[in-house]
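Visitor: I am new to reading protein structures. Could you walk me through one, feature by feature?

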Amino acid sequence: MVRLGGKRFKKIVQIGVVMMLLGCSLMSHAAVITIAGFSFAGDFKTAKDRFPYSYSIFQALNSNTAGEKSLSNTIFDRTKAVKNTAIEFAALDSLVNLKNDQALMSVLVLTGETISTENFGSYYKTFVNLRGDVLIFDYKNKTVVRSYPISVVVFDATDAKPSSDVIAHFVKDLLLREDGGGLITQYTRRMASASLPPPGSRNIQIKKAEVAPEALALMPERLRAEPQVAESVLADAFASILAAKWGVPMLPTSIGHTLGTLSLRLENGDDIVLKIGEGDYLFELKLNKFAKIKSGESNVASSYVYGAYANVHFFEPTQNTNFINTDLKNGEVKVIPAGQIGNDDFPAYEAAIRGLFLKFADAVQSTDSKWINTAASAKDINLQLEKTREIIKASKQ
């Protein structure tokens with residue numbers, strides 16, 4: 001046992017106290033963010049036309065006629081359970097401090113509502129997709145600080161054409177459900193792992209998404225009629241998976257709104273126009289085609305492989321440096337019972353697209369992906385992935 005002299009012991013104690021105070025100071029410097037609730041992207045005056053079902057639900061919940069909470073109040077309540085050591089959530093009734101360099105706020109912005117119902121002889125198929133951004137923004141400087149894209153989907157097949165009330169039920173469920181298929185749940189999950197960018201950090205953005213005519217022809221009617229909507233659905237699904245799997249923030253895509261800005265209205269009535277800018281690193285995505293191949297048959301069922309074929313391009317625009325540029329393919333098996341009437345192929349194609357995105361995201365993170373070596377057309381795909389891993393790592397810091 002070592003005995004310390006008086007002066008030396010005093011000095012060590014002083015150093016220890018300073019280190020404890022420094023540690024407490026660092027722990028207390030979590031970013032303070034005010035939760036702003038729910039918002040529609042774009043001009044609020046046109047939200048009713050652009051998001052008819054979500055807007056109707058928004059209005060009904062705000063009127064409190066059925067004793068239910070508004071979308072914003074639901075977000076406020078669920079955020080109370082969110083734990084994040086990097087973020088301190090301000091009291092819900094507190095004012096934003098405009099004296100600091102930044103006044104950080106977070107909002108769930110609904111960016112897309114896509115509904116499609118089609119008749120196929122004896123049945124109807126319905127496709128519902130909601131897309132959004134988990135935004136952390138600087139209220140004072142009107143800039144996007146962090147963005148995590150999110151997307152939820154439901155498919156349904158019915159004997160009769162679904163009424164507006166049935167579709168509204170689907171949309172409301174996608175907004176409020178408490179599992180991973182709910183938009184608000186995805187918001188709270190992203191906020192639980194969100195972080196603020198240190199000085200000099202780099203941003204990633206989906207710059208462009210394209211759907212080739214051959215693939216577009218097999219999509220739901222609403223997407224076929226409006227190719228730009230199909231592009232937004234594709235881009236948001238890809239960005240949502242990358243943000244979730246990699247834990248990296250992504251700038252909102254410029255697809256579907258004015259380049260360089262994102263407008264929205266807060267719960268308190270403030271209309272905000274945020275500057276987005278262009279990402280330091282960009283993705284371009286093209287969905288080339290789908291394929292359906294029978295892989296087995298028995299007396300009770302038939303199995304099919306549903307394939308999706310896409311091109312993924314990841315690059316740095318200033319010097320036009322490519323990190324990834326390859327075609328990718330993915331197949332997912334679906335078993336169809338014998339005699340089943342009204343089978344809908346698009347959910348299986350959507351599963352193939354989603355599987356491609358998920359496996360690609362895993363391959364970038366892993367150094368031992370068997371799928372990528374059979375799915376990619378690029379002969380140097382492993383070298384491309386190695387370069388990309390370094391970019392992703394740097395973007396998370």
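Visitor: Let's begin with the largest cavity. Which strand gives the largest share of its lining?

Guide: Strand S4 does, with 3 residues. Please keep in mind that this is a predicted model. Strand S3 (104-120) also supplies at least two residues of that lining. Among the lining residues are Ser116, Lys125, Phe155, Asp344 and Phe346.

Visitor: What is the volume of this largest cavity?

Guide: About 60 Å³. The count of cavities of 30 Å³ or more comes to 1.

Visitor: And how much space lies in the second largest pocket?

Guide: About 510 Å³. It has 27 lining residues, and the closest to its centre are Ser151, Val152, Val153, Glu350 and Arg354. Helix H9 (227-246) is one of the elements that supply at least two lining residues, as are strand S5 (143-158) and helix H6 (183-193). H9 gives the most, with 8 residues.

Visitor: How do I read a helix, then?

Guide: Start with the general idea. An α-helix has 3.6 residues a turn, so residues three or four places apart point the same way. Now take helix H10, residues 346-365. Its buried residues include Phe346, Tyr349, Ile353, Phe357 and Phe360.

Visitor: Why does the length of helix H10 agree with what we expect?

Guide: At 1.5 Å a residue, the 20 residues of H10 should span 28 Å, and the end C-alpha atoms are 29 Å apart, so the two agree.

Visitor: What is Phe290 in contact with, beyond its neighbours within four places in sequence?

Guide: Its contacts include Ala215, Leu218 and Met219, as well as Phe346, Tyr349 and Ile353. Phe346, Tyr349 and Ile353 are also buried residues of H10.

Visitor: Let's turn to sheets. What should I look for?

Guide: In a regular strand the side chains alternate between the two faces of the sheet. Next, follow the order of the strands. Here 5 strands form an open sheet in the order S7-S6-S10-S11-S12, with mixed pairing.

Visitor: Which strands stand at the edges?

Guide: Strand S7 (250-251) and S12 do; each has a single partner strand, so one side of each is left without a neighbour in the sheet. S7 runs parallel to strand S6 (residues 204-211), and 2 bridges join them. In one of these pairs of residues, Ile204 has Met250 in S7 as its bridge partner.

Methods
Residues numbered from 1 in each chain as written. Predicted model: local features only at pLDDT ≥ 70, side-chain atom pairs only at ≥ 80, totals over all residues. Heavy atoms only, no water. Helix = DSSP H or I, 4+ residues; strand = E, 2+ residues; numbered from the N terminus. Expected span 1.5 Å × (residues − 1). Buried < 20%, exposed > 50% of the residue type's maximum accessible area, 1.4 Å probe, protein only. Contact = heavy atoms within 4.5 Å. 1 Å grid on protein atoms, 1.4 Å probe; cavity = no way out; pocket = protein on both sides within 12 Å on 5 of 7 lines; lining within 4 Å. Points joined across faces, edges and corners; volume = space filled by probe spheres on them. Pairing = 2+ DSSP bridges.
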